[in-house]
Amino acid sequence: MPVLQIYPVMKRFFLLLFIVYITSFNSIAQKVGLVLSGGGAKGFAHIAVIKALEENGIPIDYIAGTSMGAIVAGLYAAGFSAEEMETLFKSEQFKFWSTGKIQEEYRYYFRRLEEDPSWLELNLLKKEDKLKIMPPTNIIPEEQMDFAFMEMFSAVTAVCKSDFNQLLVPFFCIATDVHNNREVVLRQGDLGEAIRASMTFPLYFKPIEIDGALVFDGGIVNNFPVKNMKELFNPDIIIGHNVANNAKKPDPDDVMAQIENMILQKTDYVIEPEDGIFMQTLFTNVSLLDFKKIDLIQKAGYETAYQSMETIRQRISRRVGANELKQKRAQFNMKKPPLIFQNIQVEGVEEANQRKYIIQSLKHQSQVIDLAELKREYFKLVADQQIKSLRPVSHYNPETGYFDLHLLAKTNDPMQVKFGGNISTRPINQGFLSGDYRFFKE
């Protein structure tokens with residue numbers, strides 16, 4: 001008789017134990033991928049989404065993005081918290097590298113030529129005994145941004161040894177091979193270069209070369225890489241957040257809208273229900289470069305995340321505590337080596353004395369230089385009228401413990417024509433035309 005009374009109790013106990021085991025197993029096995037779209041300044045909403053997910057203990061095991069989504073995803077994978085990203089994007093530093101303007105303390109006027117009344121400068125290149133006019137390739141000067149990306153991501157690239165799967169959170173981003181009109185999935189190499197490639201919107205920023213291919217903004221071919229996330233990482237569930245609209249019919253006077261229509265292909269912003277959860281924050285009053293509206297944009301992203309949070313919590317049972325996440329991030333960031341530079345190599349200039357001039361301008365007689373010193377001397381070179389562009393890429397040398405700096409330099413075309421003048425309300429106006437020929441010698 002006592003045995004018969006105990007048996008149902010034990011049966012229920014073992015059944016409960018089995019359910020707990022199965023639930024725990026599923027919770028441990030469950031992996032989550034986060035996909036962030038491009039969208040210019042509207043991508044600030046991604047930061048609020050990440051913040052909301054962390055507040056609710058939702059894990060982010062893989063992360064990917066395109067364009068502005070690549071910047072946010074890349075920073076997160078590199079060990080930046082949502083709060084640190086928000087501080088960065090509200091800083092003066094971001095304002096300078098997003099506009100190409102140089103901070104006052106790095107403006108070296110003694111390297112500049114005297115001002116003249118020119119409105120437009122055109123370089124002339126002699127090719128096959130013909131003079132070719134070279135119009136500007138980008139609106140935003142790239143030197144400020146290139147240095148910032150090198151500064152932010154060099155140490156991270158050293159930690160992950162150029163394998164984005166070894167970042168704090170495994171990461172990839174999308175760029176566009178312009179010549180072949182195809183997407184390029186960037187999963188290894190220099191992290192700063194990869195993100196820089198993914199957000200290089202044509203005409204705004206100058207394109208860069210990666211593995212011999214000229215690459216532009218990934219939004220041209222794939223602005224929401226959900227399929228790539230599924231193929232590369234195959235998470236149990238994908239959370240996607242979109243902030244972009246497909247381009248609408250442009251106004252005849254809106255040049256940027258016309259460029260968007262010509263360049264950006266239409267994207268299917270969708271996640272199949274069996275694959276995950278789709279969130280969308282759309283704006284009617286925010287343009288691609290409305291970076292000053294960060295508070296408004298983040299508020300909208302936060303609201304979007306919490307509208308879907310109940311569904312997210314139901315579908316994702318696994319949780320990551322704030323302290324666990326904070327400790328993991330701190331351990332990753334402690335591995336980042338200090339940015340101290342030893343060897344400098346210069347590519348893109350033909351003459352040895354020109355390379356020597358650039359190297360000596362940066363290092364002088366020092367064996368190694370720190371970031372602050374490099375920054376001062378870098379912007380002195382940028383101000384040099386003989387230098388057309390100067391892109392820094394660093395590589396960590398584990399044997400020495402220092403970084404080696406590779407400078408991709410281009411000298412200005414020797415011939416230049418300037419047009420301009422002075423126009424006033426008086427009957428006397430002036431026109432201006434000049435021609436320059438530059439010599440670049442040590």
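## Ground rules

Residues are counted from 1 along each chain as its sequence is written, and side-chain values rest on heavy atoms, with hydrogens and water left out. Because the model is predicted, local features need pLDDT of at least 70 and side-chain atom pairs count only at pLDDT 80 or more, while totals for chains, interfaces and linings use all residues.

## Strand β1

Let's start with β1, residues 32-36. (Helices are DSSP runs of H or I with at least four residues, strands are runs of E with at least two, and both are numbered from the N terminus.) Five of its five residues are buried, so β1 is largely enclosed by the rest of the structure; buried means under 20% relative accessible area with a 1.4 Å probe, protein chains only. In a regular strand the side chains alternate between the two faces of the sheet. Here V32, L34 and L36 sit on one side of β1, G33 and V35 on the other, and both faces are covered.

What flanks β1? On one count, five bridges join β1 to β9 (residues 237-242), running parallel; four bridges join β1 to β2 (residues 62-66), also parallel. Strands are taken to pair if DSSP finds at least two bridges between them. L34 has a bridge partner in each: I239 in β9 and I63 in β2. To get from β1 to β2, the chain passes through helix α2 (residues 45-55), and this β-α-β crossover is right-handed. That label means that, with the strands pointing away from the viewer, the path from the first strand over the helix to the second runs clockwise.

## Strand β9

Besides L34 facing I239, V32 stands opposite I237. β9 also pairs with β10 (residues 276-280), in the parallel sense and over five bridges. In that pairing, I238 is set opposite G276.

## The largest cavity

Rolling a probe the size of a water molecule over the atoms shows where empty space is left. Two cavities of 30 Å³ or more turn up in this structure. A cavity is a set of points on a 1 Å grid over the protein atoms alone where a 1.4 Å probe fits but cannot get out, and lining residues have an atom within 4 Å of a point. Grid points are joined across faces, edges and corners, and a volume is the space filled by probe spheres set on the points.

The largest cavity comes to about 90 Å³. It has 14 lining residues, with D146, F149, M150, E193 and P392 nearest its centre. α6 (143-160), α7 (191-198) and β13 (387-397) each give two or more residues, and α6 has the largest share, six. The lining splits into five nonpolar, four polar and five charged residues. (Ala, Val, Leu, Ile, Met, Phe, Trp, Tyr, Cys and Pro count as nonpolar, Asp, Glu, Lys and Arg as charged, and the others, Gly among them, as polar.)

## The second cavity

The second largest cavity has a volume of about 50 Å³. Its lining is Q93, Q103, Q144, F147, A148, E151, K375 and F379. Helix α6 gives the most here, four residues.

Key: On a 1 Å grid over the protein atoms alone, a cavity is a set of points where a 1.4 Å probe fits but cannot get out, and a pocket is an open set with protein on both sides within 12 Å along at least five of seven lines; lining residues have an atom within 4 Å of a point. Buried means under 20% relative accessible area, exposed over 50%, partly exposed in between (1.4 Å probe, protein chains only).
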